[in-house]
Amino acid sequence: MSSTHAILVTGGAGFIGSHVVRRLVRRYPTYKIVNYDALTYAGNLDNLTDISSASNYAFEKGDINDMDHVVRTLHKHNINGIIHLAAESHVDRSIEDPLSFVRTNVLGTTSMLEAFRRYRKDTGIEGKFYHVSTDEVYGELGDTGYFTEKTPYSPRSPYSASKASSDHFVRAYHATYGLPVVISNCSNNYGPNQFPEKLIPLMIHNIRKGIPLPVYGEGANIRDWLYVEDHAEAIDLIYHEGRPGETYNIGGDSEWKNIDLVRTLCKLMDEKTGRLLGSSEELIHFVKDRAGHDHRYAIDFSKLKNELGWTPAADFIEGLSKTIDWYLANDAWVERVTDGSYKEYYERQYGEK
Ligand code: NAD
Ligand code: DAU
């Protein structure tokens, strides 16, 4: 058995996963970081070209539902712990096709838990199973209040119901089999490499192309935004120092009403592209609301702050500005991911290309 600490990161080719993998590969040269990803429409190895030849990095293509392959991969790399991010992650797609969310998020997570339980039994390895989850499991808030770790679960979309269910299975493996698990529930992330189906990259993409900006309902819904590298830092900390059996909320302390956020994006894009100030705002187009659209999310992350000393570092406008710069500088990436199936999705979701 090798003495190197080896972590299997599932979903490492996706948006948040790629930032987590990059951070771990750079920060822990003596670890081995294994990225296990099925490379669905949301997974893209181009997100990791800068670290893909690092000697402490390996990629394994595989499905989290393929338990035998997961167990073989755990043995092959002498894995000590798992950071589980692989999931179907987009609410609108869950409304269109809920069963694929049950398959990946519920069955896939349970399959990962079972694979790790069997592997630990065979090898005696004591490592942790860290499940990365979402604040959406708590449901929606009115105009006041915050989600704490004690807020009762009340998911309202097929996506959040599937994530809530996976959280329950993770806790059940802790209670029933003593598996050392830890869970974090995080608010909305933004930053480089986010697939342009999510609000911020979708709006940047459409402003760039001069096509309508589809704001759901009246744009009055509120989200709490966290820069993705701050999330990756919290995940690193919780993996190493989070107490087994515990849950930690992660938030950005940065609540924005959707319409205010879209207007801010328009202004920043006008400035950066040298367009007439106000011209991008004319693209705003109010469209049919999302079914069951949660009104507001806001996170109380005082447990993480008090126990592990984490707070978000990025200022929202600076983070947004860096994010826009990344998209403007990475045309080839955007073109590749918005080709083919993206166009079909866009047409189904918004009725236009
Ligand atoms: P993403 O959609 O960008 O990436 C998901 C990754 O999982 C992709 O690389 C995909 O190929 C992989 N994947 C999907 N199904 C798989 C399967 N069956 N087997 C193996 N790999 C598979 O997602 P994201 O936005 O980076 O989110 C990552 C995790 O963080 C998810 O669990 C999500 O619920 C959670 N989360 C996301 C946010 C957010 O704002 N994006 C906030 C809180 C929590
Ligand atoms: O809160 C954490 C969650 O944040 C994560 O668990 C999810 O994986 C992630 O997708 C995100 O979910 P949201 O549904 O909040 O994110 P999305 O970017 O899809 O939408 C943000 C808000 O913008 C939401 O109120 C819906 C609105 N919206 C979204 C799109 C795509 C629009 O008005 N128009 C759009 O075209």
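This is a predicted model: local features need pLDDT of at least 70, side-chain atom pairs count only at pLDDT 80 or more; totals for chains, interfaces and linings use all residues.
1. **Strands 1 and 2.** These two run parallel and are joined by 5 bridges. One pairing to find is Leu8, whose bridge partner in strand 2 is Val34.

2. **Strands 4 and 5.** Here 3 bridges link strand 4 (residues 81-84) with strand 5 (residues 129-134), and the two run parallel. Ile83 stands opposite Tyr130 in strand 5.

3. **Helix 1 against helix 7.** Helix 7 also meets helix 1 (residues 15-27). Their axes come within 9 Å and cross at roughly 60°. Helix 1 and helix 7 are therefore oblique to each other, and the crossing is right-handed. From helix 1, the contact uses Phe15, Ile16, His19, Val20, Arg23, Leu24 and Arg27. From helix 7 come Val228, Glu229, His231, Ala232, Glu233, Ile235 and Asp236. By class, this contact holds 7 nonpolar, 2 polar and 5 charged residues.

4. **Helix 6 against helix 10.** The axes of helix 6 (residues 199-209) and helix 10 (residues 316-329) come within 11 Å, crossing at roughly 55°. These helices are therefore oblique to each other. Their crossing is right-handed. Helix 6 brings Ile200, Pro201, Ile204 and Arg208 to the contact. Helix 10 brings Phe316, Leu320, Thr323, Ile324, Tyr327 and Leu328. The contact residues of helix 6 and helix 10 divide into 8 nonpolar, 1 polar and 1 charged.

5. **Arg171.** This residue sits in helix 5 (residues 158-177). Its relative accessible area is 29%, so Arg171 is partly exposed. Leaving aside residues up to four places away in sequence, Arg171 touches Tyr153, Ile183 and Thr247. Asp68 is 103 residues apart from Arg171 along the chain, and their C-alpha atoms are separated by 23 Å.

6. **Two backbone angles to check.** Most residues other than glycine have a negative phi. Leu39 has a positive phi, near 55°. Leu39 lies in the loop between strand 2 and strand 3. With a relative accessible area of 28%, Leu39 is partly exposed. Asn193 also has a positive phi, of about 75°, although it is not a glycine. Asn193 is in the loop between strand 7 (188-190) and helix 6. Is Asn193 buried or exposed? At 8% relative accessibility, Asn193 counts as buried, because the cut-off for that class is under 20%.

Definitions and conventions. Residues are numbered from 1 along each chain as its sequence is written. Chains are lettered from A and ligands numbered from 1 in the order in which they are written. Side-chain values use heavy atoms; hydrogens and water are left out. Axes are lines fitted to C-alpha atoms, for helices over the stretch in contact, and angles run from 0 to 180 degrees between N-to-C directions. Helices (H or I, at least four residues) and strands (E, at least two) are DSSP runs, numbered from the N terminus. Angles under 35 degrees count as roughly parallel, over 145 as roughly antiparallel, 65 to 115 as roughly perpendicular and the rest as oblique. A crossing is left-handed if the near helix is turned anticlockwise from the far one by less than a right angle, and right-handed if clockwise. Contact means heavy atoms within 4.5 Å. Ala, Val, Leu, Ile, Met, Phe, Trp, Tyr, Cys and Pro count as nonpolar, Asp, Glu, Lys and Arg as charged, and the others, Gly among them, as polar. Two strands pair if DSSP finds at least two bridges between them. Buried means under 20% relative accessible area, exposed over 50%, partly exposed in between (1.4 Å probe, protein chains only).
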